[in-house]
Amino acid sequence: MSKLRRSILYWILLSPMVVLALFPFAVMFVTALKPTNEMLSSSWWPNEPTWRNFIDMWGETGFGLALLNTLIVALATTALVILIAIPAAYALSRYRFAARGAFRQFLLISQMLSPIVLVIGLFKLIVAMGLIDRLSGLVFVYIGFNLAFAVWMLQSYFSTIPRDLEEAAWIEGASPFKTLVKVFLPLAVPAIVVTAIFTFIFAWNEFPLALSMLRQQDSYTLPIQIFNQVGGRYTIEWNYVMAAALVATIPIAVMFAWLQRYLMRGLALGAVK
């Protein structure tokens with residue numbers, strides 16, 4: 001079978017999955033182009049598609065401020081989680097200490113807890129700390145939920161990096177810190193990127209915790225701001241809602257496309273031992 005025929009066959013086999021994956025985005029895109037008077041029309045494509053819905057949506061839904069808040073929360077959460085997880089994962093993969101195995105099991109067990117189960121206790125904690133309705137409080141909670149996953153992911157990958165490389169650097173006179181920064185971490189970039197991607201996605205899309213911790217519209221993140229356009233309203237402007245939801249997915253899609261090579265390498269080489 002020629003290469004062209006093989007490619008055509010593969011695309012035919014993959015086409016149902018591609019259609020299922022792209023169908024929600026197609027619905028959002030078409031709905032976002034519909035004018036208000038065609039919103040309830042049974043036609044698939046609007047008679048008078050308008051791109052102005054995307055412009056009007058920015059002001060009508062408060063999208064700009066919510067986007068900024070979400071970027072702040074997601075970037076701060078990702079940076080702090082990676083900063084804390086790297087030394088913890090390095091210690092787990094390179095050193096032997098009492099209760100090391102129990103600690104690794106604790107990391108796994110902690111991932112079985114759903115955020116909604118702990119939301120009341122977390123709400124009381126955030127209120128006691130004076131961080132309610134503040135983005136810093138949300139970042140604090142997100143770090144707690146992502147840190148165990150990040151440490152587990154990184155330590156499983158770190159264990160695949162040969163110790164001989166570090167020992168060679170030590171023989172050459174490099175300090176342990178310099179060896180970590182100059183030798184070890186460059187080899188661990190795929191795992192760090194994969195962990196950062198999953199942490200960023202969690203902070204970008206998380207809904208129930210943000211709904212519980214944020215009260216003022218000025219501090220809303222994107223999921224809360226978009227939900228606010230639907231919940232408790234007599235009239236829902238679906239064209240604005242769909243335009244906001246579609247635009248909210250663009251940063252994640254761009255990040256996946258940009259970091260795809262690291263994502264594939266990290267998932268392939270970072271198997272749990």
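What share of the 273 residues in the protein is buried?

## Overall architecture

In this predicted model, buried residues make up 41% of the 273 residues of the protein. Taken along the principal axes, the C-alpha atoms fill a box of roughly 75 × 70 × 30 Å.

Of the contacts in the protein with a separation of 6 or more, 71% are accounted for by residues 24 or more positions apart. The protein exposes about 15900 Å², and carbon and sulfur atoms supply 70% of this area.

## The nonpolar core

The largest nonpolar core has 69 residues, and Leu-154, Phe-158 and Leu-209 are those with the most contacts inside it. Helix H6, which spans residues 135-158, gives this core its largest share, namely 14 residues.

The surroundings of Leu-154 can be described in terms of its partners in the sequence: once its neighbours within four places are left aside, Leu-154 is in contact with Ala-85, Ile-86 and Ala-89, and also with Ala-191, Ile-192 and Thr-195.

## Packing of helices H8 and H9

Helix H8 (residues 176-187) packs against helix H9 (residues 189-205) at an angle of about 65°, and the axes of the two helices are 5 Å apart. On the H8 side the meeting residues are Leu-185, Pro-186 and Leu-187, while H9 brings Val-189, Pro-190 and Ile-192. The residues of this contact divide into six nonpolar, no polar and no charged. Ile-192 of H9, which takes part in the meeting with H8, is also one of the residues in contact with Leu-154.

## Salt bridges

The structure holds two salt bridges. Side chains of opposite charge can pair when their charged atoms come close. In one of the pairs, Arg-52 forms a salt bridge with Asp-56, with 3.5 Å between the closest N and O atoms. Both residues lie in helix H2 (residues 52-60), where Arg-52 and Asp-56 are four residues apart, about one turn of the helix. Asp-56 counts as partly exposed because its relative accessibility is 24%.

The side chains of Glu-166 and Arg-94 also meet in a salt bridge, at 2.6 Å from N to O. Because Glu-166 lies in helix H7 (residues 163-171) and Arg-94 in helix H3 (residues 63-94), this pair ties together parts that are 72 residues apart in sequence. Glu-166 and Arg-94 are both buried.

Note on methods:
Residues are numbered from 1 along each chain as its sequence is written. This is a predicted model: local features need pLDDT of at least 70, side-chain atom pairs count only at pLDDT 80 or more; totals for chains, interfaces and linings use all residues. Side-chain values use heavy atoms; hydrogens and water are left out. A nonpolar core is a set of buried Ala, Val, Leu, Ile, Met, Phe, Trp, Tyr and Cys residues joined through side-chain atoms within 4.5 Å. Buried means under 20% relative accessible area, exposed over 50%, partly exposed in between (1.4 Å probe, protein chains only). Contact means heavy atoms within 4.5 Å. A salt bridge is a side-chain nitrogen of Lys or Arg within 4 Å of a carboxyl oxygen of Asp or Glu. Axes are lines fitted to C-alpha atoms, for helices over the stretch in contact, and angles run from 0 to 180 degrees between N-to-C directions. Ala, Val, Leu, Ile, Met, Phe, Trp, Tyr, Cys and Pro count as nonpolar, Asp, Glu, Lys and Arg as charged, and the others, Gly among them, as polar. Accessible areas come from the Shrake-Rupley method with a 1.4 Å probe; for residues, only the protein chains shown count as cover.
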